[in-house]
Amino acid sequence: MRLRRRSSDGSASLGRQMGRAAAWSSFGSIVMRLGSFSVGIVAARLIAPDQFGVFAVALTVHAIIINVSDLGVSAYIVRHRGKLDAVGPTVTSIAMISAALLAGGMALVAPWLSRELGSVEAVDPVRVLSLTVLLAGISSVPSAVLTREFRQDKRFLADLLNFLSSTGILLALALTGGGALALAWSRVAGQAVSTVVLFAASPERFRPGFDRAVGSKVVTFGVPLIASSFLGFLIGNVDYIVVGRLLGAEPLGFYYLAYNAGSWPYIILSPIVASIAVAAFSRVRHDRAQFADRMSTSMAALLAIGIPANALIVALAHPLVGAIYGSRWAPAAAPLAWTAIYGALRLPADLLTNVTIAEGKTRGLLVLQLVYLAVLTPVTVWGVHVWGAVGAGVAHVIAIAGILLPGFLIILARTTGFGLRRLLAAAARPLAASLVAATAAHLVADRVGGVWPSLLAGGSVGVLIYLVLVASWGRRLATAARALWTSVEEPEPEPTSQELVGAHA
């Protein structure tokens, strides 16, 4: 196999591209999430818990549709080798048509879906959110092109303008009593602005067209991925469905807040992983000798940040809810501890999901999601019956630890060399240090009066202890990661049919 070192022609090496993309993704994700976090606090103090529950139902319906809206073309473009000219028009047509049909269907079935999910008040917010499905489908191709080219700086600009516009609409409508509709219209405004920016920033834009051979390849790759994405949605939202139907809108509002707070580290880190992992691991699939080592260092770096953050959320759940959201949200603290544990387990699962897609194992991903959902659903119903909203968090922890993570390791171990031993080695140091730090944080917080003083004191002690315990290990990890990801050699892209014809002319 002929290889080329990208830096030899003056362009950036893959490692350098990844570093730049990771820096922009990290910066953008942190800025956006801190902004969303701040706005969420304000919204929680302006909007009643039952309206958060109504919006959670609307968002659940939205997630059902958005997960399948582009028929997998985004991932197809990101991992495509060679020029995009031959596939761009076809994937553009597929994305636009499917998004339009699904958005229309979402608006039509809004009354039935809202009723089945336990909140008839969610009909109007669901119909409003259908507009975001259409806009997301239209912008999926330029968004995927930017991801493929590691242009996370452009993605950040789109996200920033999305946030600013959606925040303005949200606060204006919430102050006038907009409730769940304020949250829905803010999403539409942000998505509209983001769509315009993505089209303007994309280095390649395509007119709609269709090639049957390309369409067949997209469908073959995308259908299992769509199905697994849809199942992934159900996995991520079966708790909302069960809590809403069995307990009602207000308990769902408390659980919705707890789930989001427990997912803070995941929400920040997941976009970074998604923007880099598929493109990066797709380009180093040929180098099996170091593939597992690259996975190990990437996993360790991810867990070194995510595990301690989630551990501190568990340790400080009660003062965190009281200080940030106010006393009326106190019932959210109990499920928060479990959703934060689940959030920590989602991090390795997220990286393994992206590597599975990079490996092209979409069918294996689909089968795993089916098994996972088959286990998670009855366990969630049982947990909610026994422990209320807390049981939904418990069910997620049981299912992801017992089914999803082992399943990914089975799928990937044979071809990548990354198995249980490597996962445990990557997690060992951050997990041990996090347990010590979280225990100390909890003990300190219990001895300090007042929610804000206990949160700040416990959090400061926990962070300091963790940093001391992992300092030398972290330096060694950074050195190993730089050595593995710099000077990466890539295979030459497959020649197109036009290039082959030209070569023999």
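Two residues are in contact when heavy atoms of theirs lie within 4.5 Å of each other. In this predicted model, among the contacts in the chain that join residues at least 6 apart in sequence, 85% join residues at least 24 apart. The chain has 505 residues, of which 53% count as buried, and its secondary structure comes to 19 helices and two strands.

**Two helix pairs that share α14**

Helix α14, which covers residues 333-358, packs with helix α12, residues 288-315, and its axis also crosses that of helix α10, residues 249-262. The table sets out the geometry of these two pairs.

| Pair | Angle | Axes |
|---|---|---|
| α12 and α14 | about 165° | 9 Å apart |
| α10 and α14 | roughly 40° | within 7 Å |

Helices α12 and α14 pack at an angle of about 165°, and because angles over 145 degrees count as roughly antiparallel, α12 is described as roughly antiparallel to α14. The crossing of α12 past α14 is right-handed. On the side of α12, the residues that make the contact include F291, M295, L302, L303 and I307, while α14 contributes, among others, L336, A340, I341, L347 and L351. Sorted by class, the residues of this contact divide into 18 nonpolar, four polar and no charged.

The axes of α10 and α14 cross at roughly 40°, which makes α10 oblique to α14, and here too the crossing is right-handed. The contact is made by Y255, A258, Y259, A261 and G262 of α10, together with P335, L336, T339, A340, Y342, G343 and R346 of α14. By class, this contact has eight nonpolar, three polar and one charged residues.

**A residue of α12**

When residues up to four places away in sequence are not counted, S296 touches F418, R422 and A426.

**Helix α4**

Helix α4, which runs over residues 88-108, has 21 residues, and from its first C-alpha to its last it reaches 31 Å, a value close to the 30 Å expected at 1.5 Å a residue. Which residues of α4 are buried? They are G88, T90, V91, T92, S93, I94, A95, S98, A99, A103 and M106.

Note on methods:
Residues are numbered from 1 along each chain as its sequence is written. This is a predicted model: local features need pLDDT of at least 70, side-chain atom pairs count only at pLDDT 80 or more; totals for chains, interfaces and linings use all residues. Side-chain values use heavy atoms; hydrogens and water are left out. Axes are lines fitted to C-alpha atoms, for helices over the stretch in contact, and angles run from 0 to 180 degrees between N-to-C directions. Helices (H or I, at least four residues) and strands (E, at least two) are DSSP runs, numbered from the N terminus. Angles under 35 degrees count as roughly parallel, over 145 as roughly antiparallel, 65 to 115 as roughly perpendicular and the rest as oblique. A crossing is left-handed if the near helix is turned anticlockwise from the far one by less than a right angle, and right-handed if clockwise. Ala, Val, Leu, Ile, Met, Phe, Trp, Tyr, Cys and Pro count as nonpolar, Asp, Glu, Lys and Arg as charged, and the others, Gly among them, as polar. The expected span of a helix is 1.5 Å times one less than its number of residues. Buried means under 20% relative accessible area, exposed over 50%, partly exposed in between (1.4 Å probe, protein chains only).
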